[in-house]
Amino acid sequence: MIYTCTLNPSVDYVVHVSAFEEGGLNRTTNEAKFPGGKGINVSRVLKRLGVDNKALGFVAGFTGTYIEDYLKAENIETAFTRVDGDTRINVKLKTEKETEINGQGPAITDEALQSLLTQVKQMTEGDIFVLAGSIPKTLPGSVYETLTELAAANGVKVVVDASGKTLLDVVSHKPFFIKPNHHELAELFDVEVNSAEDALVYGKKLVEQGAQNVVVSMAGDGALLINESGVYSATVPKGTVKNSVGAGDSLVAGFIASYVKQGDLLEAFQTGVASGSATAFSLELCTAEDVKTLREQVSITKVE
């Protein structure tokens, strides 16, 4: 089974206003609501690519119910831990300038965290566990490391999509797959990453520290896959970027979906890059049809 974990999900309320007037009455021209959170995005794309999975994490209140109902309507299994309060609402205001207002989310108690840890302890060899997104302020900053260590001890393949110290903390526990973009890679090592050559140097360091497979995404400049077998470069398809939100999550989902079906890392890399591009070229998360079309435009070359 594939499990995704979103510790701080949201309901994303996207509103379009033709001409925003500060301090005045504004009316939307278009609006939409979606379940938000990186792990939830991974779950949704996995399902679109024909891979069943179960969504874990914390939800609360009527907004938490909205997320559960939305995922169930897409035939995604959920096993969220309920907490008091309300799951946060993130407002995405799209007008002359794009503005975001993100909620804080509910407090996560020790009891709720223990419930999640129990779920992870029950995972077994052959399972895949995806940790993606931000950590609520009421949880310890080391929670990703704790979850990774627990899962890895049972032979579970752990996938982590996080940034900063959170990512560095889990690398020593040999996660199966991590996906920093070039900005996050630069932040990790407090350097500048301005080229594929720079990304290669620091991506290799993550492999040396324990990560089994590292994909560094570099927007229009493609992506690198680095592991003990070598270094591989992927081109990106041609297209107009309409939406960068969820592109990285789609890359992760595409990689996992292909890997569980075929067991080939290069095929997974190719599908992952196509999936990320398909979301970037769309106003919503990618579809299986778009991924299939774009996959033919992704070329993989062995660099080393």
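The legends below describe close-up views of side-chain contacts in a predicted model. Local features need pLDDT of at least 70 and side-chain atom pairs count only at pLDDT 80 or more, while totals for chains, interfaces and linings use all residues. Residues are numbered from 1 along each chain as its sequence is written, and side-chain values use heavy atoms, with hydrogens and water left out.

**View 1. A salt bridge joins Arg-44 and Glu-74.**
A salt bridge is a side-chain nitrogen of Lys or Arg within 4 Å of a carboxyl oxygen of Asp or Glu, and the count by this rule is 12. Between Arg-44 and Glu-74 the N to O distance is 3.0 Å. Arg-44 belongs to helix α1 (residues 38-48), whereas Glu-74 is in the loop between α2 (61-73) and β5 (77-78), 30 residues apart. Helices (H or I, at least four residues) and strands (E, at least two) are DSSP runs, numbered from the N terminus. Arg-44 is buried at 2% relative accessibility, and Glu-74 is partly exposed at 24%. Here buried means under 20% relative accessible area, exposed over 50%, and partly exposed in between (1.4 Å probe, protein chains only).

**View 2. Arg-48 forms a salt bridge with Glu-284.**
The N to O distance is 2.8 Å. Arg-48 is in helix α1 and Glu-284 in the loop between α9 (265-280) and α10 (288-295), 236 residues apart. Both are partly exposed: Arg-48 has a relative accessibility of 26%, Glu-284 one of 23%. Together with Arg-44 and Glu-74, these two residues are linked in a network of salt bridges.

**View 3. Arg-295 and Glu-267 meet in a salt bridge.**
Their N to O distance is 2.1 Å. The pair links helix α10, which holds Arg-295, to helix α9, which holds Glu-267, 28 residues apart. Glu-267 is partly exposed, at 29% relative accessibility.

**View 4. The rings of Phe-176 and Tyr-259 form a tilted pair.**
Rings of Phe, Tyr and Trp (its six-membered ring) pair if their centres lie within 6.5 Å; planes under 30 degrees apart count as stacked, over 60 as edge-to-face and the rest as tilted. There are 4 aromatic pairs by this rule. Phe-176 and Tyr-259 have ring centres 5.0 Å apart and planes at 50°, so the pair is tilted. Phe-176 is buried, with a relative accessible area of 6%.

**View 5. The rings of Phe-177 and Phe-255 are stacked.**
Their centres are 4.1 Å apart and their planes at 5°. Phe-177 lies in strand β11 and Phe-255 in helix α8, 78 residues apart. Both residues are buried.
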